[in-house]
Each structure stands twice: as structure tokens, then as C-alpha cells.
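Look over the sequence and the structure, then read the points below.

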Amino acid sequence: MIYTCDNCGFIFSRSEETEQCPDCGKYEVRPANEEEQKEFAQRMAELSESEHLERPRIPDYEDAEFSMFSSFSFRVPATALQIHSRMIVDIAVEYGENPANRSELVGNVWVRQEGGRSAAFLMSVHLPAIEGEAPREQANRVFEALSDNGEFNTKLVDFIQGSY
């Protein structure tokens, strides 16, 4: 997840939830907004490109950060959202136990136009974890949470209308 420090403006990534800024040490950290996430991704791409141009190498096991997720996907035609368009969007949801809070099930929602090459991050959904719950039941709960979520519908409409 990408975070921003409201004290010093540092944008950074962590695999687990954090409250303290690694740069200034203050406890004024929050999830990065969309613009900050784009800035972070651009900086990381530039850093990676310059580093690998100077010294190309294959990452080793210690460099990799592994996470295990389950996923499901579905398609939604724009007409289902009462938008007069032939567009169909593919929705992909990665979900799993939140490593920073094991009592929470988190789903990250991605969207792309059918046939598109890249997906946009749409939103996250957070649900209480249920011990011993089967992956299929988790997927059903995440899907139901999205179905009942007005923010999901609004963001999906914005994406289809090109304002996302």
C-alpha cells in the first residue's frame, strides 16, 4: 500500500499498515490519494529504470515481496449502469487477509475497458475476517459488499464516462 506523511510530504510503500513516517518519524501517515500514488509510481519507475540501466540484474528471492491473494472477475456493460454506451468493463478483485490486521478481509478492485491493456485501481473494500471461511464464501461476501456499495457504482460510472 502507498502512504503519504502529512508532516513532511514523504510518499512511501509498505506491505503492512503503518502509522509512522520512515522519513521524519511523525505519526501523521495516511493512505496516499490517487495523485500521490501516480507520483510514487512514476518516481519508482524512473528510479528502477536508471538503476537497471547502470547495473542490470535479475531480482533474487530476498528482493521479492510475496503476498497470497485470491481473485475473481466479472464484466459489466455500461447499459447496466444506465449509461448509453456500448462499452463493457472488466472488473478484477484481488482479496485476502489484511497482513496488517488479520481480523480484516480486504479486496482491491481494478477496472479496465474490455480488451484494454491496463487496469485502473478503483477502490478497496474492507470486511471483517471470518475464521475458517472458504475462499468461495469470501469472494461471495466481497462481491455482495461491492453490489451494495454506492461508492463502487459512482467510481465505475466515472470510469466509464472517462472522468476517472
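A polar contact is a pair of N or O atoms within 3.5 Å; within protein, one must be able to donate a hydrogen and the other to accept it, and residues adjacent in sequence count only if both atoms are side-chain atoms. The side chain of Asp-90 makes such a contact with the side chain of Arg-75, at 2.5 Å. This is a predicted model, in which local features need pLDDT of at least 70 and side-chain atom pairs count only at pLDDT 80 or more, while totals for chains, interfaces and linings use all residues. Residues are numbered from 1 along each chain as its sequence is written, and side-chain values use heavy atoms, with hydrogens and water left out.

**Asp-90**
- Asp-90 sits in strand 5, residues 88–98. Helices (H or I, at least four residues) and strands (E, at least two) are DSSP runs, numbered from the N terminus.
- Asp-90 is buried, at a relative accessible area of 11%. Buried means under 20% relative accessible area, exposed over 50%, partly exposed in between (1.4 Å probe, protein chains only).
- Beyond its neighbours within four places in sequence, Asp-90 is in contact (heavy atoms within 4.5 Å) with residues including Phe-74, Arg-75, Trp-110 and Arg-112.

**Helix 2**
- Helix 2 spans residues 135–147, 13 residues in total. From first C-alpha to last it reaches 18 Å, close to the 18 Å expected at 1.5 Å a residue. The expected span is 1.5 Å times one less than the number of residues.
- Its buried residues are Gln-138, Ala-139, Arg-141, Val-142, Ala-145 and Leu-146. Seen down the axis of helix 2, they fall within an arc of 165°, so they line one face. The arc is that of the directions from the helix axis to the C-beta atoms.
- An α-helix has 3.6 residues a turn, so residues three or four places apart point the same way.
- The cover over the buried residues of helix 2 includes strand 4 (70–77), strand 6 (101–113) and helix 3 (150–160).
- Gln-138 has a relative accessible area of 18%. Leaving out residues up to four places away in sequence, Gln-138 touches Tyr-95, Leu-105 and Glu-133.

**Helix 3**
- Phe-152, Leu-156, Phe-159 and Ile-160 are the buried residues of helix 3. They cover an arc of only 95° around the axis, which puts them on the same side of helix 3.
- These buried residues pack against strand 4, strand 5, strand 6, strand 7 and helix 2.
- At the start of helix 3, a side-chain oxygen of Asn-149 comes within 2.8 Å of the backbone nitrogen of Glu-151.
- Just after helix 3, Gly-162 has a positive phi of about 80°.
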